[in-house]
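Visitor: Could you walk me through this structure, please? I have not looked at it before.

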Amino acid sequence: MTTVNLSLEDAHALSVTCLRTNGCDDPNARAVADRMIEAERDRCPSHGLFRLPWYAKGVASGRANGHAKPTVEKLAPAVIRVNGDNGFAPLGQQIAHQPLVDCTRETGIAALAFTNMFHIAAMWPEVEALANDGLCAFAFTASYPYVAPAGGTKPLYGTNPLGFAWPRKDGPPLVFDQASSAMARGEIQIAARDGHSVPETAGIGPNGEATTDPNVVLEGAQLGFGGYKGASLALMVELLAGPLIGDMLSFESLEDDGGTGGPPKGGELIIALDPARFGNPDGFLAHGEKLFEAILAQEGTRLPGARRFTSRKQTPSSGIDIPESLHQEIQALM
Ligand code: NDP
């Protein structure tokens, strides 16, 4: 595959220009670009520039509000809600960070509900930022229906990710962020594009038949990781990021899209805990490190998040490589 090398700064500037050309104002364009380039910096390309044409089309079509002004309100002493004003998620996520930190420090535990927003991408940026402020955090979001319920054959749940972060004294937090499906949607699409097979656990055909053909899975349904266990996590995420906070289920989000093929609209729930308020304020960090040391004492292990943190040190000098076809697609949108 022919690629184009871009510095992180150039990739950011390209993203801002493309988003502004297609209808975002400067604060919205910069917030979306910040989030995409963070993903590229950490070598998580499925939430990097790969998403830019999707965002550009979403705002150019008028479906997403490129001039969104998200608002923050307190619904209860420890419950905050952000209304995204029908815009992309990153600006609201930036605005909500400090109110959530302040509320969590005051109450020990607090929840943040994001509603009325498009494409809540990866979970790690927000939980990691909260852990950098000394908090422990969980994040959940739904998307479009791709995953069948346990025993079923029709897509119903999103690939619904969940993220978790734990603060560390020296160095970046412990963070994991994973889909509840056996494979990410993008990985199956890439396997289909490149003519590769997928594991039988990834999904089923339209009639529930076993298959390793990614094209058949895309016509049928994906499966939760670990069978019914992943499906139950996907179910939980649907409830937390939808009905609990007054936003859409994955299948409602697809109906709402009405076939335009734009980014999913939906909600996100974040729960933050202040470990200093849970009875072990002076010991929790060291006690957590004991576990991490025991993990790393075993050959073949690494901590979740370690790959991203290594990439983060490399990409400021190496830049990032994106497919030339993607670069051309972006240029054509400007
Ligand atoms: P992966 O399976 O690539 O990784 C999941 C987690 O496991 C990461 O935290 C990763 O850390 C960690 N990990 C991977 N290998 C190891 C290992 N050997 N030892 C310890 N930890 C390990 O992620 P997914 O494909 O499930 O999801 C990718 C991204 O897509 C996520 O950011 C997710 O939020 C996002 N997503 C978003 C959706 C949406 O609707 N908005 C839907 C589904 C997914 P590391 O990063 O360091 O490799």
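Guide: Helix α1 (residues 8-21) packs against α2 at an angle of about 145°, and their axes lie 9 Å apart; here axes are lines fitted to C-alpha atoms, for helices over the stretch in contact, and angles run from 0 to 180 degrees between N-to-C directions. This is a predicted model, in which local features need pLDDT of at least 70 and side-chain atom pairs count only at pLDDT 80 or more, while totals for chains, interfaces and linings use all residues. Residues are numbered from 1 along each chain as its sequence is written, and side-chain values use heavy atoms, with hydrogens and water left out.

Visitor: Which residues in α1 meet α2?

Guide: From α1 they are Leu 8, Ala 11, His 12, Ser 15, Val 16, Leu 19 and Arg 20, and among their partners in α2 are Ala 29, Val 32, Met 36 and Ile 37, where contact means heavy atoms within 4.5 Å. The residues of this contact divide into 9 nonpolar, 2 polar and 5 charged, with Ala, Val, Leu, Ile, Met, Phe, Trp, Tyr, Cys and Pro counted as nonpolar, Asp, Glu, Lys and Arg as charged, and the others, Gly among them, as polar.

Visitor: Stepping back, how many helices and strands are there?

Guide: The protein has 12 helices and 11 strands, which are DSSP runs numbered from the N terminus (helices: H or I, at least four residues; strands: E, at least two). Its radius of gyration is 20 Å, close to the 20 Å that the globule rule gives for 334 residues, so the protein is as compact as a globular protein of that length; that radius is taken over C-alpha atoms, and the rule is 2.2 Å times the number of residues to the power 0.38.

Visitor: And how many cavities turn up?

Guide: A search of the whole structure finds 2 cavities of 30 Å³ or more. On a 1 Å grid over the protein atoms alone, a cavity is a set of points where a 1.4 Å probe fits but cannot get out, whereas a pocket is an open set with protein on both sides within 12 Å along at least five of seven lines, and lining residues have an atom within 4 Å of a point. Grid points are joined across faces, edges and corners, and a volume is the space filled by probe spheres set on the points.

Visitor: What lines the largest cavity?

Guide: The largest cavity holds about 60 Å³ of space, and its lining includes Arg 35, Met 36, His 47, Tyr 55 and Trp 124. The largest share of that lining, 3 residues, comes from α2.

Visitor: What about the second largest cavity, what is its volume?

Guide: The second largest cavity has a volume of about 40 Å³, and Arg 35, Tyr 55, Gln 93 and Glu 126 are among the residues lining it. Here α4 gives the largest share of the lining, 3 residues.

Visitor: Now the second largest pocket: which residues lie nearest its centre?

Guide: Of the 22 residues that line the second largest pocket, Arg 35, Glu 38, Pro 125, Glu 126 and Ala 129 lie nearest its centre. The space in this pocket is about 280 Å³, and α5 supplies the largest share of its lining, 7 residues.
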